[in-house]
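Hello,

Here is the structure I promised to pass on. My notes on it follow below.

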Amino acid sequence: MAKEFSYLNMKREYSYIGKSLKRTDILDKVTGRGKFAADLKFSNMLYGKLIRSTEAHARIIKIDTSEAEKLPGVRAIITAKDVPSIKYGLSPARYDENIFCIDKVRYYGDKIGAICAVDEETLYKALKLIKVEYEVLPAVFTPAEAAKPDAPQIFEEYPGNINTEIHLEFGDVEKAKQEAYYIRTDRLQGQRTLHGFIEPHCSIAYWEGKRVTIHSAHQSAHYLQHHIARIFDMKEGDVRVVLPYIGGGFGGKVDISGLDIAAVALSKITGQPVKMFYDLEEVWYNGRARHGMDMKYTTGVTKEGKILFVENETILDGGAYTGLGVASAYYAGALLTVLYDFDNYRFDAYRYVTNLPPCGAQRGHGQPHPRYAFESHLDHIAEDLGMDPIEIRLINARKANTVTPNGYEVKSYYLKEANEMARDASGWKDKKGKLPVGRGIGVGNGGFVTGAGYCMYRTDLPHSVAMIKIYDDGTHAIVYTNAVDIGQGSDTVLTQMAAQAMGYPYEDITICTRDTDLSTLDFGAYASRQTLMAGWAVKRAGEDVKRKILAQAAEMLKVKEDGGYRFGKLTPEELDCEEGIVFVKQEPAVNITFAEVARAYFVKHGVLIGRGYYHPGKLGGTHKGAAVGTSPAYSSATQVAEVEVDMETGLTKVVGTWDVHDSGFVVNPQLLHGQVHGAFSMGIGETIWEKVVFDEKGKVLNGNFAEYRLPTALDMPYVESLVLDTFEPNGPWGVKEVGEGATTPTLGCVANAVYDAIGVRISELPLTPEKIWRALKEKEAKEKGGK
Amino acid sequence: MAEFVVGEDGIKRYLVSITVNGIKYTKVVKANSLLVNFLREDLNLTGTKRACEQGDCGACTVLLDGKPVNSCMVLTVSVDGREVTTVEGLASNDKLDILQEKFIEHSAPQCGFCAPGILMSAKALLMKNPNPTEYEVREAIAGNLCRCTGYVHYVEAILDAAAASQERKDGKNG
């Protein structure tokens, strides 16, 4: 057997990567200069809004727009009859959404039409004049209601309201059951949450001849372009997508929103630019956020705590349409096998459609709830066996250079080391079991794919291409890539990578992104893919430039004739370029500036361009659904949280958090830590407060930031973000993801800390003061009764 | 109260005079005009963001006579004769405010949508309390929601800005 290769502690030094260089967009963001979609104005621009359903499930009998049309300033009102009847979505097998509802509405807030007017005030007045007559149908609001034999059918194509059904088995679960020393079952529920970005969606479209331009708050220029072209039967080349700065996404700006489609349709009809926008409550109706999940885990272990098998049954509340929901359902089960090393695994899942806003992807896509459930379950198993929670994780953590039972190839993977580091940093040994009542410490593990192995639709396109152009006189470089910076800092990271690959100063590079006309294909910001995938494309483009520079320099440089290291003509292989200086490796005193060489190249050949390309190729996994979860690389992470619970009121305060990330080589540590801080903030909110609540008609009850509570600066605890020095062979310079993986352990570690503090498991998120208070009262009553 | 006229449409319009970032603007605004829209639409100062429109998120925070307010909750008419500072008014002649410098150094914003509001809340704090504790910083920006950052780098940057301006002041005095 070959000696196992370790990707740990390969510390390397570079000029431009591995350093917290200044963000490329930072000046725009601290001066208010940076333009977000809603900040854009075009002359003669109209303002538009969607017309939304006020019933959860109903046939549309009549839409009366006559009064609204009479209002001065109203320019156009459109409904299903005015737009193509084509269905769209994100998962090709489940394109189930119409531009506007054709016969019936499927949730309160569903899209019935769109309207545009000369200003916002007229627009809101006109909306109130539109009358929709419905024949109300019975509605279902939970998977349990949807699953009843006599439940109303929401879609013809989903009998029994089952949108996605998954049955997978790897290894032999029944046999493992016979061998298990101890078997335990736990059932836990995760709630429906919201991304919680502050910038509501906004989309502006205008036509020039046969071409349409869309400026949208969106996470992927490519998918928006692809789907708009498909929906309107246009050539992709006739659709230009330009993305301004994006005010956060977290998965909520991946779907093609009704705004994008309506802006294109309305601007075509009116011949004027149309700005479509959501007010904040509509963001809740747009949905596409985390599914509510009901998760049952049965796990068998040996006496020593080694996992022999896991059975996982998950039910997802999908809401009205699919969007990315098929992937969410597969993700709910796909990555447990990456985290822990066991052979026998059964995963059954049902995603039901209900008459609520559709669910989709939210940071950690499909993962945070299952991680919460399994990490809670694993803590109970450890407790039952008399083991320390971290001990059972160390025994079961997957190792590098292994293959999961569902066929995913894992190269670098240092979850065990992450657990050890988090244990030591958090003072675990001095705290676990030793804290006073009301104070607790908990651990959670997680991780994520570094990019999805496949495009969302079937295609042979590369996942990312990049181009670098050097200015005529060599004094500046432009990096082209349509990787989308939604705040995570991809523009900065990719510029650092370009600088490193070319050996060219970071401060002399500008990145040109988020424009399908001006820049080059990348699938965009989702599945934590850009640092690795766009990173490869940019690295290769930079190396292409460098190759041309070195070849040109070889013709220009001459070694000293007296006492030089050798005589004769230089070859490019003898040269290198760093920080804008091309030099002879064996005799660095012989050098020339990159700019001089670039200018000479331009005079001789014309524009100096480097090109880069990335396709992950065929990846592991052959079962149905293997495309969800297979990836070139997997991150892993351990988080520890310490909480204080007020035993009188049930209020939880998180007082300390520690994250150790196995993220591969870190291009920009400051940005990585920022991702971890934000992940804790979102995860803490989701564990303690956040839940989307509806009334009995399916109307959102807390569609605002007063009643849907995001953590504030006063809620955030001490955060320590630590990094393992690892190297991923499938990533450029060894990189892996951090953005989504960091969200996946948080819910579990905070929930485990609350359990440690109060001694009762609350099996449903969020862990509100009311639930904790009730659980404590019940525990007290039980203890009294037992005496 | 400012003078008003009633147009053909029956809507009251007021003549207001408002100083924004040191420049006095005299404009006619509708009675229902909100300060956030006045800044963004009438003056094209889009650095001030509009998001929740009900005073929850703080993205539209500006200084009104030196005090932080949610500009989505302020009628433009009520600001007649007063002074407003927006994020565009923080830097003078391209010289950044110390808070902006420290936001850059600490890489405080991520998506940056909440950054102008946080800058203005922090500015108001430091004007009133040049040497705040960490708790006071957190309290001052607790009305500014951010989903990206967990506020960690923001809090560090504001504390650092306070320390740096104290040092500069001490240096000058000494």
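Domain 1 and domain 2 of chain B bury about 1100 Å² between them, and carbon and sulfur atoms give 70% of that area (buried area is the accessible area, with a 1.4 Å probe, that two parts lose on being put together, summed over both). Of the area that domain 1 of chain B buries against domain 2 of chain B, 40% is supplied by B:Thr61, B:Leu63 and B:Val87, more than any other three residues.

Please keep in mind that this is a predicted model, where local features need pLDDT of at least 70 and side-chain atom pairs count only at pLDDT 80 or more, while totals for chains, interfaces and linings use all residues. Residues are numbered from 1 along each chain as its sequence is written, chains are lettered from A and ligands numbered from 1 in the order in which they are written, and side-chain values use heavy atoms, leaving out hydrogens and water.

The domains of chain B span 4-89 (domain 1) and 98-169 (domain 2), with bounds from an automatic or database domain assignment. Their centres, taken over C-alpha atoms, are 24 Å apart. Domain 1 of chain B brings 16 residues to the contact and domain 2 of chain B brings 13 residues (contact means heavy atoms within 4.5 Å).

How many salt bridges cross the interface of domain 1 and domain 2 of chain B? The rule finds 0 (a side-chain nitrogen of Lys or Arg within 4 Å of a carboxyl oxygen of Asp or Glu).

Best wishes
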